[in-house]
Amino acid sequence: DKVLFMTTAVDLVITEVQEPVRFILETKVRVCSPNERLFWPFSKRSSTENFFLKLKQIKQKDRKNNSDTLYEVVCLESESERERRKTTASPSLRLPQSGSQGSMIPSPPEDDEEEDNDEPLLSGSGDVSKECAEKILETWGELLSKWHLNLSVRPKTLSALVRSGVPEALRGEVWQLLAGCHNNDHLVEKYRILITKESPQDSAITRDINRTFPAHDYFKDTGGDGQDSLYKICKAYSVYDEEIGYCQGQSFLAAVLLLHMPEEQAFSVLVKIMFDYGLRELFKQNFEDLHCKFYQLERLMQEYIPDLYNHFLDISLEAHMYASQWFLTLFTAKFPLYMVFHIIDLLLCEGISVIFNVALGLLKTTKDDLLLTDFEGALKFFRVQLPKRYRSEENAKKLMELACNMKISQKKLKKYEKEYHTMREQQAQQEDPIERFERENRRLQEANMRLEQENDDLAHELVTSKIALRKDLDNAEEKADALNKELLMTKQKLIDAEEEKRRLEEESAQLKEMCRRELDKAESEIKKNSSIIGDYKQICSQLSERLEKQQTANKAEIEKIRQKVDDCEHCREFFNKEGRVKVASTAKDGSDEDTDEEKETLKNQLREMELELAQTKLQLVEAECKIQDLEHHLGLALNEVQAAKKTWFNRTISSIKTVTGVQGKETC
């Protein structure tokens, strides 16, 4: 019967604006009784709100290197807020009606007022310096050297050093040693296998990756190396721990580890923290262990800060509300990074109970402010103002010193845990059966509504899948018909190819027979030509021998004649040494004239010798002509034989190529 409202906050990332802009939407809500069924898909109504955003351009010198941000948010005001302010403001404070739209927008908050803004601190904020005093580094160096000698035993001075904070440059190594996975090759190999598997919670992981440490340079880029490594670690753990899977908050813890070590080692430390330090117990059995932690914090607050505890009771702020705000702030890393890192130091060294020390330290230091708040103000203080107070590293150090100096015994925590379980048992026993049945009925109705919605979704998905399957089936049938037609055509082509193959085999057999006959004929012709060539060679050799003998005889005869001429004194005068006739010199003194008879005799002999020489030369020429004629016939015979060979071989090769070519085309 009451008028209730719901506030929805939407963080919108705008290009060239420095930080995400938060839009606040307020709307009336209807609270239904447990027995009333409401079909939300058929009763949705949209809520529309107009906003006025004022931006301020960032100067060039104030921009970060290689940054695309050009503007920062001055203020954001909704139209309903503006109207409400106009109607409630006094006349002296009202803005002039003729002023520009920009004049109606409030002035930007100063830097020292930023703590009072409604904008929460983005996760991943705050710079952590790696500088450390040389003496502290030497102390840690000596401790690590001793620790590496015996990794199973922690050094005695370790706890005191961790309470002061692990040096940033050594955190990666120290965290692995504290978690006991400095050389855990098994988990490293396991991780490399897990990242290749599919996760059923992939969509939830992908959604949370973009919201993890948006203020940190390593994780702010979508699809960057930081987000890629973070996605792989969260996916690997969801596959590794099937009972818990992926839960909100894991990505922030994995991101903190990734800032100090490679992803394989970060996965190993994450597994150790979840299993060995009890963090996964918070998510089991309907968050029963988490509610136990809420009760323990309430009892500790009742003992250590009773006045603040009573104030929370007065403003109806139950323990689980502020405790959940604290846990949410812790596990979503809303605190500056220095404080988050120091909490992880203490968690790995002293266990999960250290979160109670930090929670009580925060409540003690902010008690005066919280005593002045109401219900909404307290929740806003936890969500917005509390993390901003510790952006300064000095403030964070003072808080952590206070938290470390607080003594909370484990016996007391065990006692409160036992009280909680006893209380839960008594509640279960003392609970009115009707109330229990009504609560169970409400739970079943909620489950029934959820199952009905899931059933509707599944029915819609089933219909959609049936339509898709029908379409796929039709496509498959069409494809099957086409394949059957193609198969029939292929079979017919195969039959035709086999017939063509038989025909070609017959032609090939005929061709082989023809080639064999041609080969026999060619061989007989070759033999015949070889015998003719042999006869020609024999005749030529005989003629050559006769010619040589004739030439030798002629040379001997000429030599004899020349010898006779040389021996004859009369003839010597008429012939020279080469056997040529000399011209008689008329001027020679004292020479005698030969008689006509002798001259005539010599002339006759000379004519006979020249005639015989001419006949010899003629015989020589005839022999050479015969030799040339025989050589010509021999060449013709060889050409005929070669031509016959080539013609037969070419015909055979051409026939074979033709046959194989046709058969290859038919086969293709």
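Hi everyone, thanks for coming. Let me start with the whole chain. What you see above is a predicted model, and the chain has 21 helices and four strands. Of its 668 residues, 30% are buried. If we take the contacts with a separation of 6 or more, 72% of them join residues 24 or more positions apart.

Now, please find helix α9, residues 263-276. After α9 comes G278, which has a positive phi, near 80°.

Which residues of α9 are buried? They are E263, A266, F267, S268, V269, L270, V271, I273 and M274. The cover over these buried residues includes α4 (171-179), α5 (185-194), α7 (225-240), α8 (250-258) and α13 (337-350).

Let's stay with one of those neighbours, α7. The axes of α7 and α9 come within 10 Å and cross at roughly 40°. That angle makes α7 oblique to α9, because angles under 35 degrees would count as roughly parallel. The crossing of α7 past α9 is right-handed.

Who touches whom here? From α7 we have S229, K232, I233, A236, Y237 and Y240, and they meet E263, A266, F267, L270, V271, M274 and F275 of α9. By type, the residues in this contact divide into ten nonpolar, one polar and two charged. While you look at that numbering, remember that an α-helix has 3.6 residues a turn, so residues three or four places apart point the same way.

Two more stops elsewhere in the chain. V358 sits in helix α14, residues 354-365. Is V358 buried or exposed? Its relative accessibility is 1%, so V358 counts as buried. The C-alpha atom of V358 is 7.9 Å from that of C404, although the two are 46 residues apart along the chain.

The last stop is H570, in helix α20, residues 569-574. H570 has 42% relative accessibility and therefore counts as partly exposed. Between the C-alpha atoms of H570 and K599 there are 9.7 Å, with 29 residues separating them along the chain.

That's my tour, and I'm happy to take questions.

Methods:
Residues numbered from 1 in each chain as written. Predicted model: local features only at pLDDT ≥ 70, side-chain atom pairs only at ≥ 80, totals over all residues. Heavy atoms only, no water. Helix = DSSP H or I, 4+ residues; strand = E, 2+ residues; numbered from the N terminus. Expected span 1.5 Å × (residues − 1). Buried < 20%, exposed > 50% of the residue type's maximum accessible area, 1.4 Å probe, protein only. Contact = heavy atoms within 4.5 Å. Axes fitted to C-alpha atoms, helices over the stretch in contact; angles between N-to-C directions. Parallel < 35°, antiparallel > 145°, perpendicular 65-115°, else oblique. Left-handed = near helix turned anticlockwise from the far one by under 90°. Nonpolar A, V, L, I, M, F, W, Y, C, P; charged D, E, K, R; others polar.
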